[in-house]
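Please read them with the structure open beside you.

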Amino acid sequence: MRLYAALALAACAAPAAAIFEDDAYHIDFHYALLGLPKHDATFFQKPYAGSKASLLYSISENQTLGAINPKDGALVWRQRLPPAPSGTGQLRCGHEQDTIVSAAGNSITAWSASDGRLVWDTVTGGTVEDLEILEQEDGMANSATRDPIVLVADGHASVRRLDGKTGRAKWTFEDASGDTPFQVSTSPTAIYYIALHTPLLGGSKLRVTFLNPVTGKKLDQYTLNSDPEITSRDRILFAGANTAAPLLAWTDKANKVLKVNIIGTKAVSSFATPGDEAVESIVLHAPNHVDSLAHFLVEYQTAVGHSADVYHVDLKKNTVAKAYSLPQLKRKGTFTTSTSDANVYFTRITEDEVVVFSSVSHGVLGRWNVKSSPVLAGAYPVHGQSEVVVKSGTASAVRSAVLYSNGQWALLRNDELAWTRPEFLSGTVSAVWAGLPEEEALAQALADESHRNLVPAYIHRVQRHMHDLKYFPAWAQSIPQRLLGSVIGKPRETTVEDIQHDTFGFHKLVIVATEAGRLAALDVGSRGKVMWNMDLNEFAHHTSFQHPILKAHSGYVEVKDANFKGSVFINSTTGGLLSSDNIKLEVPLVSKGQGLVSFTLVDGTLKGYLESKPSSEPVWSFTPATGERIVSYTARPVKDPVASIGKVLGDRRVLYKYLNPNLVLVVAVLDSSRSASIYLLDSASGQLLHTMSHNDVDISRSIPATISENWFTYALTVDSASGASTRGHQLVVSDLYESPLPDDRGPLGANSNSSTVQPSGSTGGVVKPYVLSQSYQVPVEITHMAVTQTRQGITSRELLVTVPSTNSIIGIPRSFIDPRRPIGRDPTAQEQSEGLVKYAPVISFDPKWHLTHKYEVLGIKHIITSESGIESTSLVFAYGLDIFGTRVAPSFSFDILGKGFNKISMLLTVVGLFVGVLFVAPLVRRKQINAIWKM
Amino acid sequence: MKTSLTALGSFATFTSAARFLLQIPTTHLVNPSTLPSTTHATLQASGPPLDAYLTRSNTFNFNNVSAGSYLATVHCRDYAFEPLRIDVGVEEAVEGSGEQKDMIKAWQTFFGNEWDNKGESRGEGGNGLVIDARPVVAKYYYQERQGFSPLSFLKNPMILMAVVSMGLIFGMPKLMENMDPEMKEEFEEMQKNGVLGSGSTNTAQQIQNFDLASWMAGKTDSGNANSRTQSPAGPAKKR
């Protein structure tokens, strides 16, 4: 059996273009993202007690947690948690522990802090509202492991103490009062459970329950009269801090008054917020360390700037008093807290400055002017975390991980920017290819010329060439350097700065739109460098972009959104807004007497409308068989060049491809009988061309499908419930031909002038294709498919599939999924010459097919491909949570010299041959003379 | 097959929540402590698969697995693992006692084979069963680049041919000189008779008459020979 499997593997190990080791990490790039970090769940921490360096841990808004190396911003490890409502993830870490504990949805998980392996996990009955680590017990530090305290809401609230080693519950406190659970907080003597008691009318009262940390028994309870202020949950600013004096702070709706309660006392201190400007938001920063001073900082954000007050808690008197104020600055900024022994430091971070204060007095301990960087241009800090080193009363070093308003997560080390991570890209929902500025400008100029008369066009061209001449000296000067560089073969990364040397067309921009309404351009040829990054919401007041849809035109992109009427036009090279009357809308070329048909899914029915009359009655509509539900539909790409209209067989006969440009593949499932149907439609007429149906399909899993050239493919998962004889996942590939017979054009044969490319042109009705299918078993589930694209379509295609279980993108060569592979026999000599191999039911994914090689791409939702400047190579860009880009050459890079081409040895060979000729020439001459004399 | 599955189906009526772990043993191929933390295992039967992360002790813990027949796969960046079939069912603890307990059985399985086609047993037992998940082969993602080496250059058939013919051109006169006078005479005789000479001219002629067009059109050598023997028929047809 194993031998059989090995043979199957060997059969598949025929040559296919793979990635060269020296190309990996050069031609491809990967942003291993976490997502926007959550403020209260991000911290610097040592991965184990006694470790020298600390790591930066975070859980993001989309429940991805990970550790980042603060030195270079590289990802150390990360784990994606099962989906839960956005921003509800929690992450906590005990002091000097080697585990960190996360909670999301209904699961609580402890991870090894240094490598991200699982330590334990438990699943609770309800959602986890809050998570804290019990640092001290009866005033004593718990030596071995710290136990997490969780607050679970499942109908009613319960507080549990879990064993830090195994995750099992030590005790559970049930709260049957029906209050809304809010948070838990710990102190050395008690656990405080805070709930919102909401009477029928008015605001909420805060109810604090004291629990014994050892037994979980209720010790005491009190209620705070907070109902005038707390109208909704988000009015509560802060609860907790594992300090000697945990705090509870809230504010009223207008942010006019700040109320603070030291948990454990009933007294409420009231403070007025600064009155000069309307305070938009208040953030309370308090140290999270047990032994630190009980000082805290309240940050006030206004529309134009920010200010802060520092408060001290008197533990003996149980009072809160304002210590000093930090003046308002007329620019945006944020504060961070850090501790060192018992001392507390506050760091003020603005766009251009980092200032460190001590919590005791308002004296400045350290001040750095941050060097400006183009990455952070125009962005302001939103929140951050800091580590401060203080020596003899002055701050000698500070590093802060700061989230900026443009979605970049950056680390500031003193005055310099150490690294940035473009975390905003993690929510990419749409992406399109756009040309580079130079290409676009030239295309524009050429288009101008073609619209003019002959004479002005000629003058324009001469002028353009004269204008171009000014670049000549610089270009000529650069020649020797370039030649030398290319011969000596320095591993220089030419790609990054000099875009004008883009001879091969590898530099293409991808414009991406995120779910938060950000738009950015990445250069795929320069390892995904972010060219610009802007916020769409600036242009559209009162609407928020949720799921922008992009469409590329020459020089600009069109942005549409369901929440927004009309469209926004953005210059694709600069990111600037274009007004709609500045641009020439491209009108699709339609000859007279023809109309464009567009189609959409309406109430489970696919309907085609005339583009000119979108509101009229549909031209056609397609409803699948009774009970079936359309899951997805895919159309053949608009730009899908095909080099040959037929497939040449081994005996030089031709199978004509069915090349209808209007093909649409519809996937529908029938929930009751667990079956899936695939329909092939002609989108111009709505006619059904072909149907396939599968039983025993696991319809809860994705059924990805794609269509290209004259073939389509889809993948599905076999459902075991009905006792299918096989298990696993299947890939089905179908080829479309005009006729089953070679050298025959099927129904088109009788016509003297007909083509499937113009299906409705001559014959009236659409000709049905001859479909050839084969299915294969694949070892892992496929969630998305795409096909490579090249300039002329001469290069053979590669099917790109996303495999989430191994976090990879795999390129399956087309020859392996050719439905003409002979079944049950060896291929004949003629079939061999076509490159067909014997059919094997399993396609095992060769590691060499992995485009992502050692990269682990998480959460990829979509892959887009584009042609490059040369025929052999196709550009690939994948997005979702991570961003990945590469280029592939499915038929090897036949039109470009690879890195393996040794220019020096070539030169040496030429020199050697020349020397050889010099030596041999006299010999030959002598021989010739001798021959003449012999005659 | 059918009966076993229906039996499994009937098991599902009991509330079964089996618990077992997959363990990666330390082998000469891999030290499991070096595996990346993205390594995970899935149990797939129907609907979303059960997923387990790699733990510190190199195991994958599956808790609360309901009765059924599962495909267990370990997904790892660096190594390929053998797929397993794991059946979870309920059995009577002691024959006739009526007391139910979970029963877990594991076998090797093979992609592209019928599900009933089980391989070697990988263990069976009650709750807490430890099943070995063995890595089969290390994944190697990269293609070797063929560098330039003088030896491979010399191995090229064209170069070999050139070297041999060079050897003949330069070596033959030397050989002739060193030959016995008698043999030399004999050889010259032979040349005169044209045994060697005619042969060589014949091959030269063949090369000159080589039909490039038909060769390009993909006609095999045998076909070529056939057409030559049946030459009167071939062109006649064309006309």
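Which side chain of chain A does Arg56(B) meet in a salt bridge? The answer is in point 2, after a word on the source.

1. Source and numbering. This is a predicted model, in which local features need pLDDT of at least 70, side-chain atom pairs count only at pLDDT 80 or more, and totals for chains, interfaces and linings use all residues. Residues are numbered from 1 along each chain as its sequence is written, chains are lettered from A and ligands numbered from 1 in the order in which they are written, and side-chain values use heavy atoms, with hydrogens and water left out.

2. The salt bridge asked about. Arg56(B) meets the side chain of Asp98(A), with N to O at 3.2 Å. A salt bridge here is a side-chain nitrogen of Lys or Arg within 4 Å of a carboxyl oxygen of Asp or Glu. Between chain B and chain A the count is three salt bridges. The two chains also have 21 residue pairs in polar contact, both residues being at pLDDT 80 or more. A polar contact is a pair of N or O atoms within 3.5 Å; within protein, one must be able to donate a hydrogen and the other to accept it, and residues adjacent in sequence count only if both atoms are side-chain atoms.

3. Extent of the interface. The contact (heavy atoms within 4.5 Å) takes 63 residues from chain A and 45 residues from chain B. The size of an interface is often given as the accessible area lost when the parts come together. Chain B and chain A bury about 4600 Å² between them, with 52% of it on carbon and sulfur atoms. Buried area is the accessible area (1.4 Å probe) that two parts lose on being put together, summed over both. Arg56(B), Tyr142(B) and Arg145(B) supply 19% of the area that chain B buries against chain A, more than any other three residues.

4. Pairing across the chains. Strand 1 (residues 19–20) of chain A pairs with strand 12 of chain B in the parallel sense over two bridges. Strands are DSSP runs (E, at least two residues), numbered from the N terminus, and two of them pair if DSSP finds at least two bridges between them. Phe20(A) has Gln143(B), in strand 12 of chain B, as its bridge partner.

5. A four-stranded sheet in chain A. Strands pair through backbone hydrogen bonds, either parallel or antiparallel. The open sheet with the order 11-14-15-16 in chain A has antiparallel pairing. Its edge strands are strand 11 (127–134) and strand 16 (169–175), each of which pairs on one side only. The twist averages 20° from one strand to the next, where axes are lines fitted to C-alpha atoms and angles run from 0 to 180 degrees between N-to-C directions. Strand 15 (residues 156–162) of chain A is joined to strand 16 of chain A by six bridges, and Val159(A) has Phe173(A) as its bridge partner in strand 16 of chain A.

6. A three-stranded sheet in chain A. The order here is 45-46-47, again an open sheet with antiparallel pairing. Strand 45 (597–602) and strand 47 (620–622) of chain A are the edge strands. Six bridges pair strand 45 of chain A with strand 46 (residues 605–610) of chain A, and Val602(A) stands opposite Thr605(A).

7. Over all chains the structure holds 36 salt bridges. One of them joins Glu867(A) to Lys639(A), with the closest N and O atoms 3.4 Å apart. Glu867(A) lies in strand 61 (residues 860–867) and Lys639(A) in the loop between strand 48 (629–635) and strand 49 (646–648) of chain A, so the pair ties together parts that are 228 residues apart in sequence.

8. Positive phi values. Asn414(A) is not a glycine, yet its phi is positive, at about 50°. Asn414(A) sits in the loop between strand 35 (408–413) and strand 36 (416–422) of chain A.
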